[in-house]
Amino acid sequence: TKGHAVLRPQDSSTRERKRLDGLWAFSLDPEAEGRTARWWAGRLPHASEMAVPASYNDIAADAAVRDHLGEVWYQRTVRVPRGWAGQRVVLHFESATHRATVWVDDTEVMSHEGGYTPFEADITGLVSAGEEIRVTACVDNTLSFQTIPPGVVEDTPAGPRQRYWHDFFNYAGLHRSIWLSATPHAHTDDVTVVTGLDGLTGTVDYTATTVGADGLGVRAVLRDADGHEVASGSGASGRLTVADVHRWAPGDGYLYDLEVQLVEHDGGGDGDGGGTVVDSYHQSVGIRTVEVRGTQFLINSEPFHFTGFGKHEDIPVIGKGHDDGYLVHDFALMEWIGANSFRTSHYPYSEDVLDYADRHGIVVIDETAAVGLNMGLGGGIFGSQGYQTYSPDTVNDETRAVHAQAIRELVARDKNHPCVVVWSIANEPESDTEGAEDYFRPLFDVAREADPTRPVGFVNVMLAPHGKCRVSQFADVLMLNRYYGWYVNTGDLAAAETAWLDELQGWATEGKPIIVTEYGADTLPGLHSLTPQPWSEEYQVAYLDMNHRVFDRVDAVVGEHVWNFADFATTSGIMRVDGNKKGVFTRDRKPKAAAFALRRRWRKDS
Ligand code: GCB
């Protein structure tokens with residue numbers, strides 16, 4: 001993968017950035033002619049206008065756009081700020097779903113595989129301060145057995161059709177901000193922090209990697225939230241010690257600021273000398289620890305019980321486009337209901353979401369886009385999908401290499417977020433076969449090598465119940481999605497309760513903490529029933545109550561994430577009525593009855 005990026009552009013005393021969001025020229029490429037016709041070399045043909053960030057699918061009132069398969073083109077011009085002469089200029093995409101190639105004027109500058117992680121290119125040699133450049137991005141939504149998530153394009157009498165097995169609409173486009181940024185030529189290109197606690201003392205182990213910094217020193221300055229310096233050090237790596245530390249904790253998103261400076265000379269050896277600062281990069285730091293001990297999940301050595309949701313990036317009209325209004329609103333709803341955590345089901349979310357969680361003390365299970373690696377499932381329907389999951393022609397070694405890269409890019413992007421406490425490397429893959437065991441064993445190693453400090457897990461599906469799963473042996477935490485009383489024992493909560501308790505007690509013998517990462521029931525808001533009828537608001541409440549009775553009887557259960565926070569768009573299917581309706585809130589964030597019931601359970605003060 002070319003161009004994979006780690007540090008997000010920022011404004012600092014030595015850095016500057018310009019956001020390229022807004023309206024871009026946009027062309028579908030249904031005949032796949034753009035590359036041969038060199039569409040990047042001039043103005044896009046037949047262009048309309050498209051909002052960035054947004055999924056393009058629902059913006060145009062046109063099925064051809066919504067259901068487009070293949071490449072689309074985005075283009076705009078941008079003037080390089082006149083003050084940027086002599087700087088290193090970078091073009092940074094926070095994401096492009098699912099892959100993109102980017103040109104600056106006539107020059108191809110980068111391409112990237114994977115729809116939810118950032119990538120960038122150094123375009124210094126192609127730009128002049130004060131001059132305009134043309135930026136063109138060709139974005140492709142095609143999924144294959146060698147992509148994460150996987151899919152397959154089938155030839156049908158009506159033409160090629162995209163199939164995939166994950167239960168959310170295949171939204172595509174430029175979902176997050178695009179940046180033009182300037183840094184000094186000598187610059188820090190990665191920072192890693194690992195924090196520790198020893199009584200009232202906090203530690204911050206930092207490592208910085210630099211480019212073009214021969215002869216320069218590295219200085220690290222840690223400041224508290226009021227901007228007062230609390231520790232400093234010199235050298236590309238080191239330990240900073242904070243007396244009387246204010247810990248980052250669930251519900252208390254206290255952040256320090258680590259400034260990594262490249263300095264022309266280290267004025268005096270004590271690290272606080274007055275050398276000229278050539279580059280300055282700021283990294284926020286939450287000082288906390290995470291540990292799995294027996295069946296407990298400890299944050300700052302205290303048992304933590306996850307309450308919250310599996311979420312989606314899913315908003316009416318703009319699809320998976322990031323929106324700050326919905327960001328703040330969703331977190332307000334989570335606070336209202338007493339959610340202390342969520343899972344980024346089923347892909348890495350916008351960095352703005354993780355930054356917000358850091359600042360507000362919300363705990364995150366951070367998931368890759370590896371969803372739908374299971375030919376026993378499709379859009380909520382159990383049953384063979386006509387392919388073998390793991391085979392030389394389907395999910396194979398090449399897929400695993402792409403999956404490994406997706407894990408590395410997720411960790412590289414998110415490793416410094418205190419909110420992230422678990423890596424989830426896949427959702428509901430086939431996990432009860434030898435092929436699954438062989439596929440996943442090395443991927444756990446990849447995750448642990450990328451980050452030795454956090455627990456690693458994957459999310460287990462009902463098709464691989466306790467005793468059958470061959471992948472959970474590799475996990476530090478057991479994450480289970482279960483639908484007793486919905487997909488099985490439908491409408492029979494008594495039978496569901498017995499069966500669920502029985503399976504959960506089995507998992508509890510593994511001696512690992514269990515997070516129930518999904519349990520939920522589709523619910524049509526406004527549908528009421530005096531007796532427990534599936535789809536009614538009352539059934540959703542009774543279903544959740546039943547689950548909670550089960551959880552409360554099993555000590556190893558350390559978390560409950562309802563599926564889903566809100567209703568969301570899916571592909572067409574006879575199991576989905578205007579999308580998946582398991583939301584506790586509707587798609588436009590109105591509460592169903594279950595919202596009030598959850599609030600009573602989760603908020604001790606309600
Ligand atoms: C699951 C999947 C989730 C689906 C959900 C459902 O197990 O992880 O993506 O949306 O079930 O509602 O069927």
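Val364 stands opposite Val420 in strand E30, where a strand is a DSSP run of E with at least two residues, numbered from the N terminus. The model is predicted, and local features need pLDDT of at least 70, side-chain atom pairs count only at pLDDT 80 or more, and totals for chains, interfaces and linings use all residues. Residues are numbered from 1 along each chain as its sequence is written, and side-chain values use heavy atoms, with hydrogens and water left out.

**The barrel**

- Strand E27 (residues 363-367) pairs with strand E30 (residues 420-427) in the parallel sense over 4 bridges, and two strands count as paired if DSSP finds at least two bridges between them.
- In general, strands of a sheet pair through backbone hydrogen bonds, either parallel or antiparallel.
- A closed barrel of 8 strands, with parallel pairing, runs in the order E25-E26-E27-E30-E31-E32-E33-E34.

**The ligand and its surroundings**

- Of the 13 residues around the ligand, those that come nearest are Asp167, His346, Glu428, Tyr487 and Lys582, and a residue is near if one of its heavy atoms lies within 4 Å of the molecule.
- The shell around the ligand holds 4 nonpolar, 4 polar and 5 charged residues, with Asp, Glu, Lys and Arg counted as charged, Ala, Val, Leu, Ile, Met, Phe, Trp, Tyr, Cys and Pro as nonpolar, and the others, Gly among them, as polar.
- An oxygen atom of the ligand is 3.0 Å from an N or O atom in the side chain of Trp563, and for the side chain of Arg576 the distance between such atoms is 3.0 Å.
- For the side chain of Lys582, an N or O atom is 2.5 Å from an oxygen atom of the ligand.

Definitions and conventions: Polar contact = N/O pair within 3.5 Å; in protein donor to acceptor, adjacent residues only side chain to side chain.
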